[in-house]
Amino acid sequence: MGNPDDFKSSGDAPEVEATGGISPLEHAYDLDEKAKISDYKADAIEAENAEHKMGVLEAVREYPMASFWAFVMSFTIIMESYDVFLIGNFVALPAFREKYGVFDAGTNSFVIVTKWQSALQVSGQLGALIGVFLAGPLTSYIGYRWATLTGLMLLNVFIFAFYFAESLPVIFVAQLLEGLPWGIFIANAPAYCSEIVPIKLRAPATQMLQMFWAIGSIIVGAVTYRYNGINNPSAYKIPIALQWMFPTPLAILIFLAPESPWWLVRKGRLQEAAHSVERLGRRSRLNSSETVAMMRRVVELEKSDKEPNHLELFKGTDLYRTLIVCGVYLAQNLTGNLIANQAVYFFEQAGMSTNSAFALGLITSALQMIFVMLSWILTTYLGRRTIYLWGSGFNTILLVALGVAASIPVTKGTPAATAASLAQASLGLIISVLFTLGPAPASWVIIGETSAIRLRPLTTGIGRASYYIVEIPCIFLGSYMLNPTGGNLGGKCGYVWGATGLLCLITAYFYLPEMKGLSYREIDIMFKRRIPARKWKQTVLDVQDDE
């Protein structure tokens, strides 16, 4: 990438003139670093109005490659999903339990003791917690592409440690190391996806992250179901080795991907930003200079003499924005996500046989993927706040219903006990699936578009950190509640998650604004004017407003 000082003349001007019949003089200031905001404001308004007028299908037609590259970047989440569900399934895998577990006379089978079950499930999250703190400064400095490539190459190396581990402590350390690149992927993916697509595609582009999370669990479910009946080390060694099928092909694609034009504009590399815009859309249908002017206008609104740093996230209106991202992230662990992530183990503790538990886990993951795709339509047309609140409300009701179903006194081995077991398993499946229709996919959209542009890599990183900080103790709590050597609550854990889900729902009602259809300029202004969350939908801004 060249120095911006080498690009003083507009190399794109002849092409713009040829494709759109526009004189180069009309956009002379758009890519001029020394131009004032008044010089390119008219073009910025033109580009923003064009995005507002686009329909969803029109946006896909005009930005086909943006959709493709968002798809590729979202794919990186599949590796964290795969491993999280893999560890969750390993504690229910007979060969793994016999190798690393202890015999439990109560269940007449081998089990992974509670402390190690919890430790294994938090090991990757501990690494990812470190990774997300590294991701923000790293991405701000070298960009989304190179930060993601660094993570992919490191992951290839760390998988070796997991594959050759022969004890639970070594597995713990291997998972900790694998978590480092996961943190980079999860911090970068929603930010990158939200920055490379037009307004109408922000919802489906960022919600693809939840879809790939479901796909990761489907692959794990299929693999562990296939090897569930094998009673030798290959039952868990082969699923571990399959992790190598992801990083290298993804690294090649990410290397070929364009950098986020917003990141390039923040760095003052305007010609490269214009070229990136052209790679994301159809050159014959868009004017890259106008799009860059729109981005410059927003970057100028947020301009600061300081380099972005974590302290800024907790000052002024950026504190509110940071709290929204953190709140939405951590709420995922408190509104049914842990039941979804431990679905197979939950089904076993609800009374299902091992084969039935794995089959139900696979069915759950497949349904999750379908429901995520349905959520693209709902979130795009109904809005983020609407889907998030209604989805969280239904989940809370179902979690309480799960607790009630598990509280009915029954005698083991009777038809009533079988019915209660089926009721708990069914409610667990419904909760896991509905979570991916409402709160989960809506969360990714909110996370991707809430923060200020200049602080976005840092905000998504600190938001994901809050997710892990809450998830780690919740995993210990969840494992204790389900484990027969612990609380042995089974479906009664629905009472606990129902209570935390209700708290999250009430908080979101008062503090989560509706950002559907708003440009980043409009979002910036709404936050700076401190408009109450419930009034965002009724507030209309003038295209000329800059503060």
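A pocket, for these notes, is an open set of grid points with protein on both sides within 12 Å along at least five of seven lines, and its lining residues have an atom within 4 Å of a point. I'm working from a predicted model throughout.

**Entry: second largest pocket**

I looked up the second largest pocket and got about 600 Å³ of space. Its lining takes in 26 residues. I noted those that lie nearest the centre: Val265, Arg266, Lys267, Val299 and Lys303. Then I checked where the lining comes from: α2 (37–53), α7 (114–142), α13 (261–266) and α15 (288–301) each give two or more residues. Sorted by class, I have 12 charged, 11 nonpolar and 3 polar residues around this pocket.

**Entry: cavities**

Next I went through the whole structure for cavities of 30 Å³ or more, and the search came back with 10. How much space lies in the largest cavity? I have it down as about 190 Å³. The largest cavity has 20 lining residues, and Glu51, Val197, Trp262, Met294 and Met295 are the ones nearest its centre.

Which elements give two or more residues to that lining? My list reads α2, α9 (168–196), α13, α14 (270–280), α15 and α25 (520–528). Helix α15 has the largest share, with 4 residues. For the classes I wrote down 13 nonpolar, 5 charged and 2 polar. I also jotted down that α2, α13 and α15 turn up in the list for the second largest pocket and again in the one for the largest cavity.

**Entry: α8 against α11**

I then turned to a helix pair. Helix α8 (residues 144–163) packs with helix α11 (residues 234–241) at an angle of about 175°, and the axes are 10 Å apart. Angles over 145 degrees count as roughly antiparallel, so I logged α8 as roughly antiparallel to α11. On the α8 side, the contact is made by Ile159, Phe162 and Tyr163. Helix α11 brings Lys237, Ile240 and Ala241.

**Entry: Leu134**

Last stop was leucine 134, which sits in helix α7.

Note on methods: Residues are numbered from 1 along each chain as its sequence is written. This is a predicted model: local features need pLDDT of at least 70, side-chain atom pairs count only at pLDDT 80 or more; totals for chains, interfaces and linings use all residues. Side-chain values use heavy atoms; hydrogens and water are left out. Axes are lines fitted to C-alpha atoms, for helices over the stretch in contact, and angles run from 0 to 180 degrees between N-to-C directions. Angles under 35 degrees count as roughly parallel, over 145 as roughly antiparallel, 65 to 115 as roughly perpendicular and the rest as oblique. Contact means heavy atoms within 4.5 Å. On a 1 Å grid over the protein atoms alone, a cavity is a set of points where a 1.4 Å probe fits but cannot get out, and a pocket is an open set with protein on both sides within 12 Å along at least five of seven lines; lining residues have an atom within 4 Å of a point. Grid points are joined across faces, edges and corners, and a volume is the space filled by probe spheres set on the points. Ala, Val, Leu, Ile, Met, Phe, Trp, Tyr, Cys and Pro count as nonpolar, Asp, Glu, Lys and Arg as charged, and the others, Gly among them, as polar.
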